[in-house]
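Welcome to this short tour. Please open your viewer and get ready to select residues as we go.

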Amino acid sequence: MMTDLYQSQRAMRQMRRQAIQRGVVAILDVGSSKIACLVLRFDGAGRLSEDNSIGSMAGQTGFRVIGAATTRSRGVQFGEITAMQETERAIRTALQAAQKMADIRVDHVIACFSGANPRSYGLDAQVDLEGQLVTEAEVGRVLNACDVPDYGTGREVLHAQPVNFALDNRSGLIDPRGQQGQSLAVDMHMLTVDSAAIQNILRCIKRCDLELAGVANSAYVSGISALVEDEQELGAACIDMGGGTTSVSIFIKKHMIYADSVKMGGDHVTSDISMGLGIPAAVAERIKTFNGGVHATGADDRDLIDIGGDTGDWEHDRRTVSRAELIGIMRPRVEEILEEVRTCLDAAGFDHLPSQQIVLTGGGSQIMGLDGLATRILGQRVRLGRPLRVHGLPQSATGPAFSSAVGLSLFAAHPQDEWWDFEIPVDTYATRPFKRAVRWFRDNW
Amino acid sequence: MRPLIATRALEEHRAKPLIVTDADFGSGNGGSSQPKSKFRLRGLGQLRRGAGRGDPTPSRLSYRFQRLMLTPGFRKALRLGTPIFVLSMGLAVFFSSEDRRNAISDYVVEIKTSIQERPEFMVNLMAIDGAGTGLSEDIREVVPLDFPLSSWDMDVEKIRDTIIALDPVKSATVRIRPGGILQVDVVEREPVIVWRTRRGVELLDETGAHVERIAARADFADLPLVAGKGADKHVPEALEILSTSRSLGDRVRGLVRVGERRWDLVLDRGQRIMLPTERPARALERVLAVNEVQDLLERDVTVVDMRLGQRPTIRMNKAASEEWWNTKVTVNGGQ
């Protein structure tokens, strides 16, 4: 089963390489409130600089956004697909608009989603080196030696990234290849999700005549784009407040070490308003966007909001609500979400990290006064994060709601090494020499 | 009274825009975010396809079609292929009818003829310069042109080749002169020698080419005579020998080609100078030199044989030989 996953992820990686060679790939952020699609064009240039630092152009010189479109998401709840047909239609809408803007046909899609109950595992392994030198095969061997916990049936590994290498007594190595030593140890972060969610996304994309060239967790990719480089290096948590879920990811030394999601988001705030005031969800969303907040002041009592209606009853259609009332509805729900996030961070042991930086991003982070509220619940060092600037991104897609789409673009351009990027050591196959020969043949021809 | 004409546009009294969602900003479906008018005010718009749908999703067909149209290769093929296809289909349909094909070919022929038969291109007569009357008639006979004729229909090269193929013609130029005249300039061959064969008497020019067959040698008494098979191939040599033998005056009867190999110079009184194959004029000069000093050819000599250069031989006639024998007998008896 492990080998199956290895093969399918490798196939996806291969597909991604093909797409980049062709030069065009689509980025699809399947969210609960909106589906965003970016079309990237790769120009071939833009590798990282010699010392592997990000550099002045933030490492995203290699591609350009040539098409962007968003559409209201339907059939996605809590970041998971619940109605295939609806989701497929929404994906089609976004993709068609993005293709139209890019004026080019896209065949490969890299998708991310936030739900599907992500769960993090920390793995480690240690092997004695066969030679003195750490080679790629040795890295593959130590990765393969990791003791994988039983993560349950019906779940699949989405990410498996080596986070830290240790050679003899030296730890904190990013890339041990070419170094001398006796024994090599690795710490790996593994993220599993429900396999049904991946299968659903895969099927939706297949039905749109596209090929899936990669899947990522949106907590991870929004961390890539919303955290600045030193935050990723020193340790920070990225909280992506989406429509249906709020996802949490913790980064240190430029690697994600933890990800989780809270099944509450902006849509719940909207539905609270809708229920509390007895108005349609669309109106509630509008009121939340334009007049929402989490800190009531004296002036808010006098600030009356027209909530309207379409019944024909004059009294009913002329209803108003004060902003203080609105804040009174929103605040408990936002507090609840942040409390849940706090629980997640505590479970992950975030308070043991050297840096306590917290970055709020996602569409939900645009609630006025949220940073003040988050400071009280999560800790002192909270800031609002917006995605990195990338070439060609339209102004309408630069808001925090697009941090996972932009992060996915960065991920597509410069993916981190994953477990399946290294060759499985040959002795795993030793029992089946014929299969090995076939595989060698397929790899080389 | 001023007629009632509208002087400004009608003012529209819009309803106050209702509060609607803009959650789907930037998705390009601006139509659905507009406030919806009352049912009775929407009029025929509600009969339009997808009017009440509010769903910006493209149909599966239109999605596929758009993807197809965004494929670069397909677009290129469409851009080039469609006009070519339409054009070729149109031509094929047009030319599928026999009548139209004929009409077009007739039209082309008609235009061609009307251009070719313009007076500027017509040739009315043939002028022949440099040929005698007989030759002119011959030329007119071998070039049977039916004037007036368009110059497009004439093959001047072929006419020239035909004229040059005539025996008495040495060279010819044929051109169409302004004014519609086919100008033929001919240079005739000059007969320099008469060649007698078993089949008759012919005139040859200085290269040995046949000029004309004549009835009698006497008609061209001033030209020297040659005879023998293959003599026409060595006319320059014959002329050289004859010019060398000029000092013999009218004693020369002619030259005979012997065995297609060498010449005999035939004089009157049955005398004959047999010349060698190589350098015959030189050998003849030797004979003439001897003749100058010793009056060789005035004597009773039948043949002067110069065929072997180291051993010139003479043959006396019978009377002279007998007389020589008698002289010897007398001399012997006298002693």
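A residue is called buried if 20 or more other C-beta atoms lie within 10 Å of its own, exposed if 12 or fewer do, and partly exposed in between, with C-beta atoms placed from the backbone. Helices (H or I, at least four residues) and strands (E, at least two) are DSSP runs, numbered from the N terminus. Keep in mind that this is a predicted model, where local features need pLDDT of at least 70, side-chain atom pairs count only at pLDDT 80 or more, and totals for chains, interfaces and linings use all residues. Residues are numbered from 1 along each chain as its sequence is written, while chains are lettered from A and ligands numbered from 1 in the order in which they are written.

**Stop 1: a covered strand**

Select residues 108–113 of chain A, which make up strand β6. Are its residues buried or exposed? Six of its six residues are buried. A:H108, A:I110 and A:C112 point one way from β6(A), and A:V109, A:A111 and A:F113 point the other way.

Two strands pair if DSSP finds at least two bridges between them. Strands of a sheet pair through backbone hydrogen bonds, either parallel or antiparallel. Select β1 (residues 24–30) of chain A: five bridges join β1 to β6(A), and the two run parallel. Look for A:V30, whose bridge partner in β6(A) is A:F113. Next, show β11 (residues 211–217) of chain A, which pairs with β6(A) in the parallel sense over six bridges. Here A:V109 stands opposite A:L212.

**Stop 2: two loop residues**

Click on A:A116, in the loop between β6 and β7 (119–128) of chain A. Its phi is near 65 degrees, a positive value in a residue other than glycine. A:A116 counts as buried because it has 25 C-beta neighbours inside 10 Å.

Then move to A:D168, between β8 (155–167) and β9 (170–173) of chain A. Phi of A:D168 is near 55 degrees, again positive in a residue other than glycine. With 13 C-beta neighbours inside 10 Å, A:D168 counts as partly exposed.

**Stop 3: a sheet in chain B**

Finally, go to chain B, where three strands form an open sheet in the order β2-β5-β4 with mixed pairing. The edge strands, each pairing on one side only, are β2 (125–129) and β4 (169–177) of chain B. Select β5 (residues 181–188) of chain B as well: five bridges join β2(B) to β5(B), and they run parallel. One pair to find is B:A127 with its bridge partner B:Q183 in β5(B).
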